[in-house]
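I'll jot down what I look up as I go.

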Amino acid sequence: MNSLSRYRRQENLESFGSNNQSKLLNSRVLIVGLGGLGIPVAQYLNAMGIGTLGLVENDRIELHNLQRQVLYTETDVGRAKLTVALEKLRIQNSNTELKPYPTFLTVENAIDIISDFDVVVDATDNFATRYLLNDACVIAKKPFIYGALHAFEGQVSVFNYKGGPTYRCLFPDVPKINEIPNCDVNGVLGVLPGIIGSLQVLEVVKVITGIGEALSGKLLLYDGMSQTTQKIRFEANAKNQEIDRLQDDYGFSGCETVAEITAEAFMALETPVQLIDVRTQKEYMENHMDNAIHIPIDELVQESSCLDFRYPVYFLCQSGKRSEAAVKLVQERHPDSVLISISGGMNEIASLCH
């Protein structure tokens with residue numbers, strides 16, 4: 001299709017023009033994650049004429065994704081997100097070169113993947129991957145566009161851009177497991193990823209073309225309930241810009257695996273098991289397994305003395321994410337114990353019971 005007519009509304013902008021459109025067409029942007037944030041980022045960059053889009057994703061589509069991940073439909077449930085995204089992005093713009101990476105970002109592959117691109121977009125949903133992403137971008141000397149969501153609020157910033165601050169300059173330390181908001185408990189309004197993802201796209205365009213003022217050294221805070229924004233300024237810390245190697249381990253969010261059992265296999269167990277429900281009091285009161293012991297994850301360390309580590313301990317939450325974190329948390333203190341996370345959690349158990 002004729003690219004001249006496709007992008008003419010952008011080229012007709014007096015302060016943009018064909019020169020900046022050419023910069024987009026010659027640029028290479030990597031998107032890490034194709035969830036709530038990654039979808040609007042991929043769709044808009046693809047539509048606006050980015051030359052090459054790299055897509056890092058290894059998850060499958062679940063029904064609860066559809067409320068905010070609007071590229072996917074009911075017929076896509078169970079399919080790989082990357083496969084579906086590639087199909088639909090190719091239909092949207094056949095001129096874009098799409099480079100798929102069917103993997104999660106890891107210490108082993110991060111720098112190799114990132115080095116091939118001009119700009120990196122953080123569309124992840126966990127802290128450990130974000131710190132890995134930051135460090136890899138510092139080493140590879142690539143700017144990265146940050147976005148984060150919580151309930152009705154979002155954040156956007158640009159890190160590692162023209163000598164500006166990095167993610168560690170704003171958030172020096174990885175938070176502890178019990179300090180992290182969990183979307184299973186707090187949720188996120190479906191439209192919010194579209195708003196924050198679109199703001200990330202705007203920052204990508206500014207970084208590539210040089211127009212406007214990028215959010216380097218500034219954290220944009222968006223409050224959807226009041227439709228207000230504010231900016232927090234922060235300074236660069238030179239030591240964070242001198243990272244020259246990745247850490248061996250970035251923590252609990254997927255850089256290492258834990259022992260798991262499917263909900264179906266767990267339900268088929270005949271012998272009595274030690275089952276620990278790590279959800280909140282409210283979640284537990286709404287529904288729970290009859291034989292479950294309730295210990296919220298933020299109380300797990302203090303209350304772990306009531307567990308009998310001579311026998312396997314099974315951990316249960318709403319979706320399986322907090323139970324994974326619980327295994328890692330307890331495993332640090334009891335490395336020889338048998339600790340198992342129930343994948344899919346109460347969501348999957350409920351679907352089996354209906």
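I started with Tyr-101, which counts as buried because its relative accessibility is 16%; buried means under 20% relative accessible area, exposed over 50%, partly exposed in between, with a 1.4 Å probe and protein chains only. Before going on, I noted that this is a predicted model, where local features need pLDDT of at least 70, side-chain atom pairs count only at pLDDT 80 or more, and totals for chains, interfaces and linings use all residues. Residues are numbered from 1 along each chain as its sequence is written, and side-chain values use heavy atoms, with hydrogens and water left out.

**Rings**

I looked up aromatic pairs and found 10 in the structure. Rings of Phe, Tyr and Trp (its six-membered ring) pair if their centres lie within 6.5 Å; planes under 30 degrees apart count as stacked, over 60 as edge-to-face and the rest as tilted. Tyr-101 and Phe-117 have ring centres 6.2 Å apart and planes at 70°, so I logged them as edge-to-face. Phe-117 is buried too, at 0% relative accessibility. The charged end of Arg-28 sits over the Phe-117 ring, 5.3 Å from its centre (the rule: NZ of Lys or CZ of Arg within 6 Å of the ring centre and within 35 degrees of the ring normal).

I also checked Tyr-146 and Tyr-167: their ring centres are 5.5 Å apart with planes at 50°, so this pair is tilted. Both of these tyrosines, Tyr-146 and Tyr-167, are buried.

**Cores**

Next I looked at the largest nonpolar core, which has 42 residues; Val-29 and Tyr-72 are among those touching the most other members. A nonpolar core is a set of buried Ala, Val, Leu, Ile, Met, Phe, Trp, Tyr and Cys residues joined through side-chain atoms within 4.5 Å. Helix α10 gives the largest share of this core, 7 residues. Helices (H or I, at least four residues) and strands (E, at least two) are DSSP runs, numbered from the N terminus. Tyr-101 turned up again in a second, separate core of 28 residues.

**Sheet**

I traced an open sheet of 5 strands, ordered β9-β13-β12-β10-β11, with parallel pairing; two strands pair if DSSP finds at least two bridges between them. Strands β9 and β11 are at the edges with a single partner strand each, so one side of each has no neighbour in the sheet. Between β12 and β13 I found 3 bridges, and Val-313 has Leu-339 as its bridge partner in β13.
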